[in-house]
Amino acid sequence: MQIVKATWHNGQVIPDGPVNWPEGCRLNIEPASMEQIIGMTEEEQGDDPESIRSWLEEFDVIPPLPMTPEEEADLTAWRAKARAYNLDAVRRQMEEGIQ
């Protein structure tokens, strides 16, 4: 059987070209290169002050999401609604006590 390159897109494996495999055959799939994965490895996730400072510096340069004023107002309203809901839920739990 032939080996083909493919791309993971929207939860599906999309071959780069036609394949001649029999219908229903099982596949072994793995990323071609772990270098393509964005993020930190566990070894890079230190909890010492220098690692935390470095992470914060990297985080601070991430640009904000572009939003129209209407989208920003919708987000602010949703956050206020979610906050009120959560506060109300906690108040009810405190009034009812632990059961």
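Trainee: What separates Glu57 and Arg53 in helix 1?

Mentor: Start with the general idea. An α-helix has 3.6 residues a turn, so residues three or four places apart point the same way. Now the case here. Glu57 and Arg53 are separated by about one helical turn because they are four residues apart in helix 1. Helices are DSSP runs of H or I with at least four residues, strands are runs of E with at least two, and both are numbered from the N terminus.

Trainee: What should I know about the model before going on?

Mentor: It is a predicted model, in which local features need pLDDT of at least 70 and side-chain atom pairs count only at pLDDT 80 or more, while totals for chains, interfaces and linings use all residues. Residues are numbered from 1 along each chain as its sequence is written, and side-chain values use heavy atoms, with hydrogens and water left out.

Trainee: How do I read a salt bridge?

Mentor: Side chains of opposite charge can pair when their charged atoms come close. The rule asks for a side-chain nitrogen of Lys or Arg within 4 Å of a carboxyl oxygen of Asp or Glu. Glu57 and Arg53 form such a bridge, and their closest N and O atoms are 2.3 Å apart.

Trainee: How many salt bridges does the rule give?

Mentor: Three. One of them joins Glu50 to Arg53, at 2.2 Å from N to O. Both residues sit in helix 1, three residues apart, about one turn of the helix. Another joins Asp88 to Arg92, with the closest N and O atoms 2.4 Å apart. Those two lie in helix 2, four residues apart, again about one turn. Salt bridges that share partners also link Glu50, Arg53 and Glu57 in one network.

Trainee: How much of the protein is buried?

Mentor: Buried residues make up 1% of the 99 residues. Now the overall dimensions. The radius of gyration is taken over C-alpha atoms, and the globule rule is 2.2 Å times the number of residues to the power 0.38. A compact globule of 99 residues would have a value near 13 Å, but this protein has 24 Å. Its C-alpha atoms fill a box of roughly 65 × 40 × 40 Å along the principal axes.

Trainee: Which elements does the chain contain, and in what order?

Mentor: There are two helices and two strands, and the pattern along the sequence is β-β-α-α.

Trainee: How do strands 1 and 2 run, and how many bridges join them?

Mentor: Two strands pair if DSSP finds at least two bridges between them. Here four bridges join strand 1 to strand 2, and the strands run antiparallel. His9 stands opposite Gln12 in strand 2. Asn10 is in the loop between strand 1 (6-9) and strand 2 (12-15). Asn10 is not a glycine, yet its phi is positive, about 50 degrees. At 69% relative accessibility, Asn10 counts as exposed.

Trainee: How do I check the length of helix 2?

Mentor: The expected span is 1.5 Å times one less than the number of residues. For the 28 residues of helix 2 (residues 69-96), the span should be 40 Å; the end C-alpha atoms are 41 Å apart, which agrees. Gly97 follows helix 2, with a positive phi near 80 degrees.

Trainee: Which residues form the nonpolar patch on the surface?

Mentor: Patches take residues with over 30% relative accessible area and no salt bridge; like charges are joined within 9 Å, and nonpolar side chains (Val, Leu, Ile, Met, Phe, Trp, Tyr) within 5 Å. Here the members are Met40, Ile52, Trp55, Leu56, Phe59 and Ile62, with about 570 Å² of accessible area together. Such areas come from the Shrake-Rupley method with a 1.4 Å probe, and for residues only the protein chains shown count as cover. Phe59 lies in helix 1 (residues 49-60), and at 46% relative accessibility Phe59 is partly exposed.

Notes
Buried < 20%, exposed > 50% of the residue type's maximum accessible area, 1.4 Å probe, protein only.
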